[in-house]
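Work through these exercises with the sequence and the structure side by side. Try each task before you read its solution.

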Number of protein chains: 2
Amino acid sequence: MTAAVSAGWVAIAGLGPGDEALVTPEVSAALAAATDVIGYVPYVRRIAPRAGLIRHESDNRVELDRARHALSLAVAGARVVVVSSGDPGVFAMAAAVFEAIEAGEPSWRALDVRVLPGITAMLAASARAGAPLGHDFCAINLSDNLKPAALIERRLRLAAEADFAIALYNPRSASRPDGLDRALDVLRAACADSRPVLFARAVTTPAESLQIVPLPEARGDMADMRTLVIVGSSRTRLIERAGAPWLYTPRSIA
Amino acid sequence: MTAAVSAGWVAIAGLGPGDEALVTPEVSAALAAATDVIGYVPYVRRIAPRAGLIRHESDNRVELDRARHALSLAVAGARVVVVSSGDPGVFAMAAAVFEAIEAGEPSWRALDVRVLPGITAMLAASARAGAPLGHDFCAINLSDNLKPAALIERRLRLAAEADFAIALYNPRSASRPDGLDRALDVLRAACADSRPVLFARAVTTPAESLQIVPLPEARGDMADMRTLVIVGSSRTRLIERAGAPWLYTPRSIA
């Protein structure tokens, strides 16, 4: 046990959008070596139980508690994987772990802490629809738990002015039922065109659905907690065909 | 052979930043099923030769020719993987293939064309440094082959005004030796602070190097063609420790 105590580590791993074929071998190897897995319930349940692995399920919105728990276990010698969906560095657990370290025990700074990237939702959604992020783009978290609504609206206006394609994470939740409608109103006022908007729900899972509508017709109730929204730039285009159209943004503005 | 002829497809696949442990099982499966692999020389050379697989190496900057070649082969029954580094939907081959389809043969629209996501450079660089993309961010391609320098500078100013962390792709090349210096000057004028800038070179490969400097000290010659640059937002922070510091952007602005 002494060797194990000195070898504690924390890996903050991204499980990708849902399909196990999108989990990197690096993440699978970390999970195979772990003694403990920590995360929000639905992500922890994606990890198969096995002897020697303790699965710690936690509620949403307790990211800092979860991070401190992981760090405390690692200091005591555990090999801990903190699981996020998508990529852990994009609106997920990696920043929470570093926040906990910065404010926490000095011993935590000496830990082996690694971030293992994953396929974040906007890349998976983009791939399923075509290539809407083929030119400059931005990613904005619509959750206003962590920032004022006025800042979100200001960023949306500037992003439209810059003519980015815009990926909207956490577009809607039970506690913020009208946030996406407000965001779409801001974008309609700033854009005044019919650029396509992609609603990509539960991408790469059996519940996947994709919907593309022109910005004037986009409504907040087209999204739920499992939806990633991509608002095209002024140049994002549809290629019509017999099946679902492909959505893409050309590389060149010429 | 008749069955094979009817079963042609194109998969546009992301190989990730370099480490084979970051290639998704989905991409590995597509490569195992392929008859042809097409891409820029260094990416095609990452694919091991095997019987039944033809590897087509092409130069850089011939993306549309490469896309048309892939589509023509697939119409004739080949199972073609177009390889990009990183994610194919981010400043890579996916948009080029859809551009070729839109302008090309009607038969191409009936093809089975799939985009297989990968770990794009900014996610890999962010993971190696900590979590600098933990809050809202944008991605800007500094190559001015495909857009005017004035548009790049305008987007940089608006991105700074929105207080995004900013990932800069293709920051420097032999044909544009001063593009990154110009971009850094624009950001210094817009930001007027000492936020950290990450130069992440050849991430996850044996040649990997990371350098973090304050924005006033950032210079174009700190990057080359294999570098991804992340300019922090106003809130991006360093956690000092015995080893290399961790770089992260808190989730909350409160």
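Rings of Phe, Tyr and Trp pair if their centres lie within 6.5 Å. With that rule, A:F91, A:Y169 and B:F137 form one aromatic cluster. The model is predicted.

**Exercise 1. Confidence**

Task: State the mean pLDDT of chain A, and find where pLDDT stays under 50.

Solution: 
- Step 1. Take the whole chain. The mean pLDDT of chain A is 94. Of its residues, 97% reach 70 or more.
- Step 2. Over residues 1-5, pLDDT stays under 50. For this stretch the model has 4 contacts beyond four places in sequence.
- Step 3. The model has ipTM 0.96 and pTM 0.96.

**Exercise 2. A ring pair between chains**

Task: Classify the pair A:F91 and B:F137 as stacked, tilted or edge-to-face.

Solution: 
- Step 1. Count the pairs. Over all chains, the structure holds 11 aromatic pairs.
- Step 2. Check the distance and the angle. The ring centres of A:F91 and B:F137 are 6.1 Å apart, and the planes stand at 35°. Planes under 30 degrees apart count as stacked, and over 60 as edge-to-face. The angle is 35°, so this pair is tilted.
- Step 3. Locate both rings. A:F91 sits in the loop between β4 (79-84) and α5 of chain A. B:F137 belongs to strand β7 (residues 137-141) of chain B. The pair therefore crosses between chains.
- Step 4. The cut-off is under 20% relative accessible area. A:F91 has 16% relative accessibility, so A:F91 counts as buried. B:F137 has 0%, so B:F137 is buried too.

**Exercise 3. A charge over a ring**

Task: Which residues lie over the faces of A:W9 and A:W246?

Solution: 
- Step 1. Start with A:W9. A:R114 lies over its face, 5.0 Å from the ring centre.
- Step 2. Turn to A:W246. A:R241 lies over its face, 3.7 Å from the ring centre.

**Exercise 4. A sheet and a helix**

Task: Give the strand order of the open sheet that holds β13 of chain B, and name the helix packed on the sheet.

Solution: 
- Step 1. Read the order. The 3 strands run β6-β13-β12 in chain B, with mixed pairing.
- Step 2. Find the edges. β6 (130-131) and β12 (237-239) of chain B each pair on one side only.
- Step 3. Look at one pairing. β12(B) and β13 (residues 246-248) of chain B are antiparallel over 3 bridges. B:L238 has B:L247 in β13(B) as its bridge partner.

**Exercise 5. An enclosed strand**

Task: Is strand β11 of chain B largely enclosed or open?

Solution: 
- Step 1. Count the buried residues. In β11 (residues 227-231) of chain B, 5 of the 5 are buried, so the strand is largely enclosed by the rest of the structure.
- Step 2. Sort the sides. In a regular strand, side chains alternate between the two faces of the sheet. B:T227, B:V229 and B:V231 are on one side of β11(B), with B:L228 and B:I230 on the other. Both faces are covered.
- Step 3. Find the partners. β8 (residues 165-169) of chain B pairs with β11(B) in the antiparallel sense over 3 bridges. β9 (residues 196-201) of chain B also pairs with β11(B) in the antiparallel sense, over 5 bridges.
- Step 4. Zoom in on B:V231. B:V231 is the bridge partner of B:I166, and B:V197 stands opposite B:V231.

Note on methods. Residues are numbered from 1 along each chain as its sequence is written. Chains are lettered from A and ligands numbered from 1 in the order in which they are written. This is a predicted model: local features need pLDDT of at least 70, side-chain atom pairs count only at pLDDT 80 or more; totals for chains, interfaces and linings use all residues. Side-chain values use heavy atoms; hydrogens and water are left out. pLDDT is the predictor's confidence in each residue, from 0 to 100. Contact means heavy atoms within 4.5 Å. Two strands pair if DSSP finds at least two bridges between them. Helices (H or I, at least four residues) and strands (E, at least two) are DSSP runs, numbered from the N terminus. Axes are lines fitted to C-alpha atoms, for helices over the stretch in contact, and angles run from 0 to 180 degrees between N-to-C directions. Rings of Phe, Tyr and Trp (its six-membered ring) pair if their centres lie within 6.5 Å; planes under 30 degrees apart count as stacked, over 60 as edge-to-face and the rest as tilted. Buried means under 20% relative accessible area, exposed over 50%, partly exposed in between (1.4 Å probe, protein chains only). A charge sits over a ring if NZ of Lys or CZ of Arg is within 6 Å of the ring centre and within 35 degrees of the ring normal.
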